[in-house]
Amino acid sequence: MTFTRKHVYLAVSAFILVLLLVRGFWPSPITVSLEEARIAPLEVTIEEEGKTRVMDRYTISAPVAGYALRIQHEVGDTVASGQVLFTIQPVPDLISARQREVAEAQLDAANARLRQAEEQLALATEEYRQANKELQRIEDLYKQGVGSEQGLDQVRLAAKRTNSQRNSAEFAVNVAEYEVKAAESAVRTFQFSGNRDDY
């Protein structure tokens, strides 16, 4: 049997393949670290993010508006009863002054609405009186046989309309009076607080 070049290539390839398989399955050494054994305290450290819980919570409120000056205490400091924690520098009560002006303006507006409602009530009352007078006159004429029933119905409807308008005007006066009382109460509150601050 003669060996050709093809047979040689096949034999070499098979040999290389067998070598690669043997190399792949050959157990490789495991790398280890060596230390000298000695007696020492054991230290275990865990580094994780945690959450703190505050067991006792205290709410501190200020009786005046102002700016808190620099706080001298550190986190975790103990405090005693009656000890000053921080100082508040009061500021002018600009909001109350503005609210007082708004309350006074609302009182003026409520008084103006009351006067307007009273004028409308006076006009509605006069129109109601005139409509009743006209109704009485038309009814007397109708009883005498002068005029039509349709004209009498129209006058009656006009009298009812003026009566409703007068009642509505009375309600408007009542509402305006309540608004004036509410506005006066608000103004009195600011005047009282202003006098109290002066003491």
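This briefing walks through the salt bridges, nonpolar cores and one surface patch of the structure above. The model is predicted, so local features need pLDDT of at least 70 and side-chain atom pairs count only at pLDDT 80 or more, while totals for chains, interfaces and linings use all residues. Residues are numbered from 1 along each chain as its sequence is written, and side-chain values use heavy atoms, with hydrogens and water left out.

**Salt bridges**

- A search of the whole structure turns up 5 salt bridges, each being a side-chain nitrogen of Lys or Arg within 4 Å of a carboxyl oxygen of Asp or Glu.
- One of them joins the side chains of Glu126 and Arg129, at 2.5 Å from N to O.
- Both Glu126 and Arg129 sit in helix H2 (residues 94–143), 3 residues apart, or about one turn of the helix. Helices here are DSSP runs (H or I, at least four residues), numbered from the N terminus.
- Glu126 is partly exposed, with a relative accessible area of 35%, and Arg129 is partly exposed at 41%. On this scale, buried means under 20% relative accessible area, exposed means over 50%, and partly exposed is in between (1.4 Å probe, protein chains only).
- Another salt bridge pairs Arg156 with Glu139, with the closest N and O atoms 3.7 Å apart.
- This pair links distant parts of the chain, since Arg156 is in helix H3 and Glu139 in helix H2, 17 residues apart.
- Arg156 is partly exposed, with a relative accessible area of 37%, and Glu139 also counts as partly exposed, at 21%.

**Arg166 and its surroundings**

- Arg166 lies in helix H3 (residues 149–198) and counts as buried because its relative accessibility is 19%.
- Arg166 forms a salt bridge with Glu170, the closest N and O atoms being 3.5 Å apart.
- Arg166 and Glu170 are separated by about one helical turn because they are 4 residues apart in helix H3.
- Glu170 counts as partly exposed, at 32% relative accessibility.
- The Arg166 side chain also makes a polar contact with the side chain of Asn163, at 3.1 Å. A polar contact is a pair of N or O atoms within 3.5 Å; within protein, one must be able to donate a hydrogen and the other to accept it, and residues adjacent in sequence count only if both atoms are side-chain atoms.
- Not counting residues up to four places away in sequence, Arg166 touches Leu121, Ala124, Thr125 and Tyr128, where contact means heavy atoms within 4.5 Å.

**Nonpolar cores**

- In the largest nonpolar core, of 13 residues, Leu107, Leu114, Val173 and Val180 touch the most other members. Such a core is a set of buried Ala, Val, Leu, Ile, Met, Phe, Trp, Tyr and Cys residues joined through side-chain atoms within 4.5 Å.
- H2 and H3 are the elements that give two or more residues to this core, and H2 supplies the largest share, 7 residues.
- Leaving aside neighbours within four places in sequence, Val173 is in contact with Leu114, Ala117, Glu118 and Leu121.

**Surface patch**

- Val8, Val12, Phe15, Ile16, Leu19 and Leu20 make a nonpolar surface patch of about 570 Å². Patches are made of residues with over 30% relative accessible area and no salt bridge, with like charges joined within 9 Å and nonpolar side chains (Val, Leu, Ile, Met, Phe, Trp, Tyr) within 5 Å; accessible areas come from the Shrake-Rupley method with a 1.4 Å probe, and for residues only the protein chains shown count as cover.
- Leu20 lies in helix H1 (residues 5–25) and is exposed, with a relative accessible area of 56%.
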